[in-house]
Amino acid sequence: MPIVPSSLALRRRRLAGFTLIELLVVLAILALLAGLVGPRVLSQLGGAKSKTAQVQIADLDKALELFKLDVGRYPSTEEGLQALQAKPASVASGWAGPYLKGSVPSDPWGRPYVYKLEGGAVLIQSLGADGAPGGDGENADLRNTR
């Protein structure tokens, strides 16, 4: 003989779901949390790009030091950072590269790093998020510390 559920059991099963008001309260709480936490998370994401650029600049600076130890000079402005990846035509001997794993990186915003050799001083620079000189915050220029 099959067991037939009583009308009381059927009524309880129908009432076991969430009410519309309960769902709206949960959605309101989630929206409030997203409004409070979201901007903080996004601001940390921007700071991560600046930190990544600083680490990449430091790595390029170290690779340039290795180039100088092998060749006896830094790459010229015209040779640029590509001299770390492929032997420049002006280098007769001593080049023991490539000095970087993979290709020369772009900055975290997708633009190439600026490289200049002026009077023996090396400049490696990213122009920040806006790609223009100067700026504050994420738009600030980042460069090596030499």
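I began with the pairing of β1 and β2, which in this predicted model is antiparallel and runs over five bridges. Looking for a partner of Leu117, I found Val122 in β2 as its bridge partner. I then followed the hairpin of β1 and β2, where two residues lie between the strands and Gly119 takes a positive phi near 60 degrees.

Next I turned to the other pairing of β2, and noted that β2 and β3 run antiparallel and are joined by two bridges. Here Ser126 stands opposite Leu142 in β3, while Gln125 has Arg143 of β3 as its bridge partner.

Taken together, I read the three strands as an open sheet in the order β1-β2-β3, with antiparallel pairing. Because β1 (114-118) and β3 each have a single partner strand, they stand at the edges, and one side of each is left without a neighbour in the sheet.

I looked up Ala132 in the loop between β2 (121-126) and β3 (142-143). I put Ala132 down as partly exposed because its relative accessibility is 30%, and the class spans the values between 20% and 50%. Apart from neighbours within four places in sequence, Ala132 is in contact with Leu127, Asn139 and Asp141.

Last, I went to helix α2 (residues 20-71), where Leu30 has its place. Leu30 is one of the residues that make a nonpolar surface patch of about 890 Å², together with Leu20, Ile21, Leu24, Val25, Val26, Leu27, Ile29 and Leu33.

Conventions:
Residues are numbered from 1 along each chain as its sequence is written. This is a predicted model: local features need pLDDT of at least 70, side-chain atom pairs count only at pLDDT 80 or more; totals for chains, interfaces and linings use all residues. Side-chain values use heavy atoms; hydrogens and water are left out. Patches are made of residues with over 30% relative accessible area and no salt bridge: like charges are joined within 9 Å, nonpolar side chains (Val, Leu, Ile, Met, Phe, Trp, Tyr) within 5 Å. Accessible areas come from the Shrake-Rupley method with a 1.4 Å probe; for residues, only the protein chains shown count as cover. A salt bridge is a side-chain nitrogen of Lys or Arg within 4 Å of a carboxyl oxygen of Asp or Glu. Helices (H or I, at least four residues) and strands (E, at least two) are DSSP runs, numbered from the N terminus. Buried means under 20% relative accessible area, exposed over 50%, partly exposed in between (1.4 Å probe, protein chains only). Contact means heavy atoms within 4.5 Å. Two strands pair if DSSP finds at least two bridges between them.
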